[in-house]
Amino acid sequence: MPYQNRRSAYTNFILLFVVIKIGLNLCAMSHFGFHRDELLHLALGDHLDWGYKEVPPFIALLAKITTTVFGSSVFAARIFTTIAAGSIVWLVGSITVELGGKMFAITLACLSFIFAPAFVASDYLFQPVVFDQLWWVLCVWLIIRYINYHSPKYIHLLGLVIGIGLLTKYTMGFFAIALIISLLLTKQRKMLWNRHVFIAAIIAFVLFLPNLIWQFQHNLPVITHMKTLQKSQLNYIKPGDFISQQILVNGIALFLWLVGLGFLIFSFKLRKYQFMAYAYLLVFVFLLEMSGKNYYLFGAYPMLFAAGGYGFERWIKIKYTALRAFVVILFTVPNLLLFPLVLPVFPLNTTLALFRYVDKHVSMFRFAATWEDHKLHPLTQDYADMLGWEEMVAKTAKIYYALSPEERAHTIIIADNYGEGGAFAHFGPMYKLPDVVCMNSSFALWAPADINPKTLIYVSDDCDVSDLKPIVESTELITKVSDTLAREYGTGVFLMKGVKPAISPLYRQNLKQKLEK
């Protein structure tokens with residue numbers, strides 16, 4: 001069957017898996033609350049610009065559209081991520097068909113993607129991660145389409161996707177380089193020697209240029225951010241840890257993507273698509289060398305799932321229906337057991353009971369509730385990052401409105417970290433609070449140039465404001481975040497009165513340091 005006819009024949013079949021993915025995400029969209037990163041990204045939407053200290057501008061634009069069109073609920077915030085996740089499923093199925101796969105291959109590839117812990121956990125929160133994955137997979141699909149049909153439009157669209165990808169997450173940069181090198185290593189290198197690739201490069205550069213200019217105007221904060229990340233997190237990632245994480249993150253689907261990698265390298269039938277295997281290996285080695293986080297590589301796995309589905313379909317002929325059904329179950333059920341541990345499909349109390357059961361009876365899954373502090377907790381770190389935010393804002397509002405109108409007129413609320421800043425940006429208007437002052441992360445970009453308060457309400461994540469005591473007359477710890485399940489548990493809310501003028505130069509100095517980093 002010609003490629004075009006084959007693709008049309010499987011359109012509705014692939015859509016079934018898209019519906020499954022979207023349906024599962026919908027089950028989890030409103031449980032718990034906003035993740036700290038989501039609160040940051042939503043806040044970016046209120047300050048649209050061509051760049052930010054930790055991310056390019058694409059997520060901020062989506063945040064603005066989300067709050068304008070869909071509203072400010074948790075459900076609304078996750079609509080675009082759910083659409084993106086469903087789109088990746090569509091592309092996995094479509095790539096499988098382009099490689100020559102049929103219904104069994106599509107089923108295996110799509111279900112493996114849908115239930116792989118890596119993608120269950122990363123494809124529902126309002127973060128750049130899922131969109132980064134989408135652009136990576138779309139790049140691969142466009143190259144395959146060009147190889148199969150030789151239409152220049154796919155090369156032009158590739159430039160568009162790379163440009164948007166760079167505006168989403170800078171990891172698109174090294175994936176694009178890996179794609180170019182991998183094509184040079186195969187017979188498909190000939191596709192690089194035509195004017196359409198040059199046009200695509202111009203499209204990508206023009207799209208990325210505003211962010212590039214913004215970076216230089218702001219002293220290249222992406223470099224500073226990466227250096228900080230290297231010191232605070234990446235230096236602690238050992239090569240062995242990175243390798244073991246890549247083995248574990250997709251659960252039982254490990255065996256599918258390994259088969260896909262092998263078929264792409266050694267199968268004569270897939271020789272036209274060898275670049276996919278080389279691109280994966282190049283990014284893998286690069287991240288291994290750079291001590292990259294494990295999720296940086298996630299976008300490269302969907303294409304391997306597609307190739308793995310094709311490989312198993314070649315091995316297990318259609319007459320072995322029972323064996324095919326067993327293989328589908330084998331690659332689905334084990335990961336399904338992990339599902340509630342990485343996607344909040346159940347209410348909080350049910351999820352807690354599940355984690356208690358896992359802790360007691362299935363110790364091999366305890367890693368899910370082990371945080372960056374290497375300690376075991378009642379929930380995953382991501383789940384804990386969704387709790388306690390409104391409690392914190394509500395308690396702060398109670399303190400604020402206990403002040404006299406004269407005191408409130410000269411009161412500033414300061415938050416230590418971007419999660420707290422995002423919580424006040426989101427929930428603060430509901431409680432009629434003034435704009436929060438935060439110098440962490442991108443909040444420093446729109447922080448006031450100077451402050452001269454008489455009273456401070458200080459939200460301290462380490463419950464320590466001893467460094468400010470010399471410049472205030474009185475300090476009182478009024479309350480703390482009391483939700484023991486929240487990562488912000490114990491965050492203190494301090495009332496500081498009689499603030500001295502010395503706070504102004506101290507604030508300006510700190511803000512200058514934050515903006516220069």
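Guide: A residue counts as buried when its relative accessible area is under 20%, as exposed when it is over 50%, and as partly exposed in between. The model discussed here is predicted.

Visitor: Is Cys-139 buried or exposed?

Guide: The relative accessibility of Cys-139 is 0%. Burial requires a value under 20%. Cys-139 therefore counts as buried.

Visitor: How many disulfides does the count come to?

Guide: A disulfide requires two cysteine sulfur atoms within 2.5 Å, and the count is 0. For Cys-139, the nearest cysteine sulfur is that of Cys-110, 19 Å away. For Cys-438, which is buried at 2% relative accessible area, the nearest is that of Cys-463, 17 Å away.

Visitor: How far apart are the end C-alpha atoms of helix α9, residues 128–149?

Guide: Helix α9 has 22 residues, and at 1.5 Å a residue it should span 32 Å.

Visitor: How many of the 22 residues of α9 are buried?

Guide: Helix α9 is mostly covered. Just after the helix, His-150 takes a positive phi of about 60 degrees. Within α9, the number of buried residues is 21.

Visitor: How many residues apart in sequence are the parts that Arg-36 and Glu-488 tie together?

Guide: Arg-36 and Glu-488 form a salt bridge, with their closest N and O atoms 2.9 Å apart. Arg-36 lies in helix α3 (residues 36–44), whereas Glu-488 lies in the loop between β4 (474–480) and β5 (492–497). Arg-36 is buried at 8% relative accessible area, and Glu-488 is buried at 4%. The separation in sequence of the parts they tie together is 452 residues.

Visitor: Which helix holds both Glu-391 and Lys-395?

Guide: The side chains of Glu-391 and Lys-395 meet in a salt bridge of 2.8 Å, N to O. Residues three or four places apart in an α-helix point the same way, because there are 3.6 residues a turn. Glu-391 and Lys-395 are 4 residues apart, about one turn, and both lie in α22.

Visitor: Which loop holds Asp-450, the partner of Arg-508?

Guide: Arg-508 and Asp-450 meet in a salt bridge of 3.1 Å, N to O. The pair links distant parts of the chain, 58 residues apart, with Arg-508 in helix α25 (residues 503–516). Arg-508 is partly exposed at 39% relative accessible area, as is Asp-450 at 30%. Asp-450 lies in the loop between β2 (437–438) and β3 (455–460).

Visitor: How many salt bridges does a search of the whole structure find?

Guide: Some salt bridges share partners and join Arg-36, Glu-372, Asp-385, Arg-487 and Glu-488 into one network. Over the whole structure, the number found is 9.

Visitor: Which element gives the largest share of the lining of the second largest pocket?

Guide: This pocket has a volume of about 470 Å³. It is lined by 25 residues, those closest to its centre being Asp-416, Met-439, Tyr-458, Asp-467 and Asn-510. Two or more lining residues come from each of β1 (411–415), β2, β3 and α25. The largest share, 6 residues, comes from α25.

Visitor: How many residues of that lining are nonpolar?

Guide: The lining of the second largest pocket includes 4 polar and 7 charged residues. Its nonpolar residues number 14.

Note on methods: Residues numbered from 1 in each chain as written. Predicted model: local features only at pLDDT ≥ 70, side-chain atom pairs only at ≥ 80, totals over all residues. Heavy atoms only, no water. Expected span 1.5 Å × (residues − 1). Buried < 20%, exposed > 50% of the residue type's maximum accessible area, 1.4 Å probe, protein only. Salt bridge = Lys/Arg side-chain N within 4 Å of Asp/Glu carboxyl O. 1 Å grid on protein atoms, 1.4 Å probe; cavity = no way out; pocket = protein on both sides within 12 Å on 5 of 7 lines; lining within 4 Å. Points joined across faces, edges and corners; volume = space filled by probe spheres on them. Nonpolar A, V, L, I, M, F, W, Y, C, P; charged D, E, K, R; others polar.
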